[in-house]
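Student: Let us go through this model one question at a time.

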Amino acid sequence: MLRDLICSAQAGDKKAMMELIDKFSPLFKKYARKLDYEDAYEDIILFHMEMIRYANALFGIKKNGWTGRTYKKAATEQRKDGSYYIEGNTLWRAYDSWEQSIRDHNDYIATRSTDGGRTLRYSKVVGCDDHVLACQYLQECGYATSLTYRESLVRDYIEKYHLLRFDSCSSSDPYKN
């Protein structure tokens, strides 16, 4: 059962984490642009089970102009001083399928603008071939409030679980044929 697998991975079971990676890899490889699948593993493991179960949300994307279904759930955010706060009744994007979730995340990174379309918020991320730099750009662009998001994404997910093996564009992939 997926719920048990995610709970085991959250508890530190490396085998469960690898099973999750293998389970989601085909969907991410089929629909995700560079970094979407790498980012997804962090969000899948760290984000709440109920979002996956009730909203088919593999990523924690807030409503932000979304006109589709939403799911209401509190958000934990981190301030620049390192302290945390809870944002109650946050509206998150909800989907009919995981495939729709991946496609929307893809579009969100590629097209998100906060100034009426004049500037793309994540333009530095799109097309970046260096995974460390791309993760740094995600954090600089405000993708997550965690002060250690970049380091955690690189060390605890991309490198720990060898996620570059799914990136056919990466020149630094040690698993590339």
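Student: In which strand is Lys 72 found?

Tutor: This is a predicted model, in which local features need pLDDT of at least 70, side-chain atom pairs count only at pLDDT 80 or more, and totals for chains, interfaces and linings use all residues. Residues are numbered from 1 along each chain as its sequence is written, and side-chain values use heavy atoms, with hydrogens and water left out. Strands are DSSP runs of E with at least two residues, helices are runs of H or I with at least four, and both are numbered from the N terminus. Lys 72 lies in strand β1.

Student: Is Lys 72 buried or exposed?

Tutor: Buried means under 20% relative accessible area, exposed over 50%, and partly exposed in between, with a 1.4 Å probe and protein chains only. Lys 72 has a relative accessible area of 52%, so Lys 72 is exposed.

Student: Which residues does Lys 72 touch, not counting those up to four places away in sequence?

Tutor: A contact means heavy atoms within 4.5 Å. By that criterion the residues are Asn 89, Thr 90 and Leu 91.

Student: Over how many bridges do β1 and β2 pair?

Tutor: Two strands pair if DSSP finds at least two bridges between them. Strand β1 covers residues 70-78 and strand β2 residues 84-93. They pair in the antiparallel sense, over 8 bridges.

Student: Which residue in the hairpin of β1 and β2 takes a positive phi?

Tutor: The hairpin has 5 residues between the strands. The positive phi, near 95°, belongs to Gly 82.
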